[in-house]
Amino acid sequence: MNKGIIIGGALAIVPVSSCAVGGAVLATKMESNNNTPVQSNVKVTAEEVKEGWVKDKNSWYYLGDNGKMRTGWIKNKYQWYHLNTDGTMATNTTVDGCYLNSNGLIEDTPTKAKQSNRVSDDNSNNNSNVTYKTYTNKRFLFSFDYPSNLQFMGRGANGGGADFKSADGRLELGASGMNNAIFQTVEYYYNQSLEYEKVTPSYSHLGKNYYTLSWEKDGKITYEYFILGKKSFNRFGFTYPASEKDYFKPVVERIYSSFKTPGIDSSH
């Protein structure tokens, strides 16, 4: 199945079969590029016509720079949303293989999302219920959920990061923030990570201001996510046994979907 993706302002056609965590949304029609007006009950005065979100009753709509309502897939502030044919934002539904939650944001399918609350601390196939805690970095302001069975190991000398590890050492999670003092691009940090790890990624995606990497080394898989703002960047990496790839996939998805980075446009 061929789907379109915006690359460098142009519409490219690439083969794709699903909506992957960490990757860009690949929409079938990309109707949002047409700025097609649609009929709805939303009433907008001439003074109010501007690009952005508009709420009417319990539904959200998005106006293009010409004041017309958008339909199809749109990207706003690094997030993808889908607008129905009447202009309303799609929620709690699956579109083009991508599940959109109650806020219109992409998650995995509801079935897999439920599995993300389950993780084991041993090698058996018997899942056990676990709870997640939320970590917030006071300096760089990023936050994310992590399994509560991981032990907090410290946050580094400058308070810019946090490390977690399971008691048996099988699982490792690290996150950090740093000012982009050398004003480098996301491509620079992407290549820097590959050079430092000295690995060939099994999966990689380089976006406009972010990248995702996954590689296997010494019997373990590491998933890394990086996002660059105007003045700083945040990243996290999660390492787990390669033999339990499918088992820990929901945990990766939970960490990724909960990773919030409100401070990347400021220096800290």
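Here are some questions and answers about this predicted model of a protein chain.

User: Let's start with the overall picture: how many helices and strands does the protein chain have?
Analyst: Happy to start there! The model is a predicted one. Its protein chain has 268 residues, and 45% of them count as buried. The count for the chain is 3 helices and 18 strands.

User: What share of the accessible surface belongs to carbon and sulfur atoms?
Analyst: The accessible surface of the protein chain comes to about 14,800 Å². The part of this surface that belongs to carbon and sulfur atoms is 47%.

User: How do strands E3 and E4 pair, in the parallel or antiparallel sense?
Analyst: Strand E3 covers residues 52-56 and strand E4 covers residues 59-63, with 5 bridges between them. The two strands form a hairpin with 2 residues between them. Their pairing is antiparallel.

User: Which residue in the turn of that hairpin has a positive phi?
Analyst: The turn sits between E3 and E4 and holds 2 residues.

User: Which residue in E4 is the bridge partner of lysine 55?
Analyst: You can follow the pairing across the hairpin residue by residue. Tryptophan 53 stands opposite tyrosine 62 in E4. For lysine 55, the bridge partner in E4 is tryptophan 60.

User: What stands opposite threonine 93 in E8?
Analyst: E7 pairs with strand E8 (residues 98-100) in the antiparallel sense over 3 bridges. Look across to E8 from threonine 93, and the residue opposite is leucine 100.

User: Is tryptophan 215 buried or exposed?
Analyst: You will find tryptophan 215 in strand E16 (residues 210-217). Beyond its neighbours within four places in sequence, its contacts include Val199, Pro201, Ile221 and Glu224. Its relative accessible area is 4%, and buried means under 20%, so tryptophan 215 is buried.

User: How far apart in space are tryptophan 215 and serine 202?
Analyst: Ser202 is among the residues in contact with tryptophan 215. In sequence, the two are 13 residues apart. In space, their C-alpha to C-alpha distance is 5.1 Å.

User: Which residue forms a salt bridge with glutamate 244?
Analyst: Side chains of opposite charge can pair when their charged atoms come close. In the salt bridge of glutamate 244, the closest N and O atoms are 2.4 Å apart. The partner is arginine 170.

User: How many residues apart are the two partners in that pair?
Analyst: Glutamate 244 is in the loop between strand E18 (232-241) and helix H3 (245-258). Arginine 170 is in the loop between strand E13 (161-165) and strand E14 (172-179). The pair links distant parts of the chain, and the separation is 74 residues.

User: Which residues are linked with Arg170 in a network of salt bridges?
Analyst: Arginine 170 counts as buried at 13% relative accessibility, and so does glutamate 244 at 8%. The structure holds 5 salt bridges. The residues linked with Arg170 in the network are Asp168 and Glu244.

User: In which strands do arginine 235 and glutamate 224 lie?
Analyst: Their side chains meet in a salt bridge (2.9 Å, N to O). The pair ties together parts that are 11 residues apart in sequence, because the two residues lie in separate strands. Arginine 235 is in strand E18, and glutamate 224 is in strand E17.

User: Is lysine 249 buried or partly exposed?
Analyst: Lysine 249 and glutamate 253 both lie in helix H3, 4 residues apart, about one turn of the helix. Their side chains meet in a salt bridge (2.4 Å, N to O). Glutamate 253 counts as buried at 9% relative accessibility. With a relative accessible area of 35%, lysine 249 is partly exposed.

Technical notes
Residues are numbered from 1 along each chain as its sequence is written. This is a predicted model: local features need pLDDT of at least 70, side-chain atom pairs count only at pLDDT 80 or more; totals for chains, interfaces and linings use all residues. Side-chain values use heavy atoms; hydrogens and water are left out. Two strands pair if DSSP finds at least two bridges between them. Buried means under 20% relative accessible area, exposed over 50%, partly exposed in between (1.4 Å probe, protein chains only). Contact means heavy atoms within 4.5 Å. A salt bridge is a side-chain nitrogen of Lys or Arg within 4 Å of a carboxyl oxygen of Asp or Glu. Accessible areas come from the Shrake-Rupley method with a 1.4 Å probe; for residues, only the protein chains shown count as cover.
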